[in-house]
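I opened a notebook for this protein and put down what I looked up, one topic at a time.

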Amino acid sequence: MSSPTILSIDAMGGDRAPHSVIGGIAKVAARDPNISFILHGDKPELEKALKKKRALDGRVEIRHAEDVIEMDAKPSIAVRRGRKSSMWRALESVRDGEAQAAVSAGNTGALMAMALFCLRAAQGVARPAIAALWPTRGTHPHCVALDMGADIRADAQDLVRYAAMGAEYARIALEIESPRVALLNVGTEENKGRPEVREAADMLRSSSESGRKSFNFTGFIEASQIPHGKADVIVTDGWTGNVALKSAEGAAKFVGEYLKEAFSHSIVTKISALFAYPSLRRLHRRIDPRRVNGGVFLGLNGLVVKSHGGADATGFAAAVDLAASMARENFTDRIAAEVEKALDPAQTEPMQSINHNASVESET
């Protein structure tokens, strides 16, 4: 058996913590005997929640943390005052080499800001990004989209780095050797979009033509084209990415609620629902956000996975599975190597001694 994978868990982060967290890691432990956990949070509460989870016997170390970062806390305040919180302690275990990845369902902005302070940005990365899997109807069931809200700013070089990191994520998560990379834009014509987006396109196109990139840059893509699988990696800034993600989530929820209302309208529609149930079940499983839950923070000196704040045990288990998979693939080192190749050496900016402000005010 290979060496065990150890994950550091913020047990108090999220709307349903700690019960959804404990339930999630119990699901993972039941199907993966080669994984263990360091839980950070209120020790008496965690011990009580663990009593009925036999799958976690001997697989969990509890470390008491006095504080909890609230979901509405400002990231800048969380960084200054949250050093005794379960979130910070979870990141510390990764920094100190005790765990291979950290998982939290807590405040996204606070988690990114704390991760920047605790783990620091990787060499050559000015602004880390959050990458998420987006359902599509293409050859592969998902594409990689980034940035989903780590930082609302991104210049051309940031977008090029995002492309390199996203492509490596696609190689690991989607097993695509040469991912198709596209820049999200207001149109597909070359003259469309903001100057930094057009500049990034020129840089990516030049690199692809010269053979310096291990991915295929396909140009611009509109948001309406994302679900159709026209690219494997979608690159944009955090502002646009988060708006697109929340819009898609809202549309999916609207359609689901409308279908439920439509099928419960009358006796006839209720009978129709019985016949349609297998297809509706397949649709639900296909677009169920719980099953692809987990945004990966790219560009840090350590692996951090963000679960949706409202995730239940099934959703949190998906984020834990993702963290374990990425840890076993030596994800952080592979991303660092891709960032190093992303720009010409003459273009690569030296890393600042500390990059405190890149995402401190992110409120996703």
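Predicted model: local features only at pLDDT ≥ 70, side-chain atom pairs only at ≥ 80, totals over all residues.

**Entry 1: overview**

I counted the elements and got 11 helices and 11 strands. The protein has 364 residues, and 51% of them count as buried. I then looked at contacts between residues at least 6 apart in sequence, and 74% of these join residues at least 24 apart. The accessible surface is about 17,200 Å², with 52% of it belonging to carbon and sulfur atoms.

**Entry 2: the cores**

Which residues touch the most other members of the largest nonpolar core? I found I9, F37 and L183, in a core of 69 residues. Helix α6, residues 156-173, gives the most to this core, with 10 residues. Another core, of 38 residues, lies apart from it, and its members include L119, A121, I130 and I226.

**Entry 3: cavities**

I looked for cavities of 30 Å³ or more, and the count came to 4. The largest cavity has a volume of about 40 Å³. What lines it? The lining consists of F297, L298, G299, L300, G302, L303, F331, T332 and I335. Two elements, β10 (295-298) and α11 (331-342), each supply at least two of the lining residues. Helix α11 gives the most to the lining, with 3 residues. I sorted the lining by class and got 6 nonpolar, 3 polar and no charged residues.

I placed T236 in the loop between β9 (233-235) and α8 (238-263). Is T236 buried or exposed? T236 counts as buried because its relative accessibility is 5%, and the cut-off for buried is under 20%. With neighbours up to four places away set aside, T236 is in contact with L146, D147, L159, Y162, L184 and G241.

D151 is in the loop between β6 (142-146) and α6. D151 has a relative accessibility of 3%, so I list it as buried. I also looked up the pair D151 and G238, which are 87 residues apart in sequence. Their C-alpha atoms are 4.9 Å apart in space.

**Entry 4: A327**

A327 belongs to helix α10, residues 313-328. Why does A327 count as buried? Its relative accessible area is 17%, and buried means under 20%. A327 and L7 are 320 residues apart in sequence, but from C-alpha to C-alpha they are 8.8 Å apart. Not counting residues up to four places away in sequence, A327 touches T5, Q100 and L303. I had already written down L303 as one of the residues lining the largest cavity.

**Entry 5: cis peptide bonds**

I noted a cis peptide bond between A17 and P18, with omega about 0 degrees. P18 is in the loop between β1 (5-10) and α1 (19-31). I noted another cis peptide bond between L146 and D147, where omega is about 5 degrees. D147 sits in the loop between β6 and α6. Both L146 and D147 are also among the contacts of T236.

**Entry 6: positive phi**

I looked up R120, which is not a glycine but has a positive phi of about 70 degrees. R120 is in the loop between α5 (108-119) and β5 (129-135). Its relative accessible area is 32%, so R120 goes down as partly exposed.

N330 is not a glycine either, and its phi is positive at about 55 degrees. Where does N330 lie? It is in the loop between α10 and α11. N330 counts as partly exposed because its relative accessibility is 43%. The cut-offs put partly exposed between buried, under 20%, and exposed, over 50%.

Key:
Residues numbered from 1 in each chain as written. Heavy atoms only, no water. Core = buried A, V, L, I, M, F, W, Y, C linked by side-chain atoms within 4.5 Å. Buried < 20%, exposed > 50% of the residue type's maximum accessible area, 1.4 Å probe, protein only. Helix = DSSP H or I, 4+ residues; strand = E, 2+ residues; numbered from the N terminus. Contact = heavy atoms within 4.5 Å. Areas by Shrake-Rupley, 256 points an atom, 1.4 Å probe, with all protein chains shown as cover. 1 Å grid on protein atoms, 1.4 Å probe; cavity = no way out; pocket = protein on both sides within 12 Å on 5 of 7 lines; lining within 4 Å. Points joined across faces, edges and corners; volume = space filled by probe spheres on them. Nonpolar A, V, L, I, M, F, W, Y, C, P; charged D, E, K, R; others polar.
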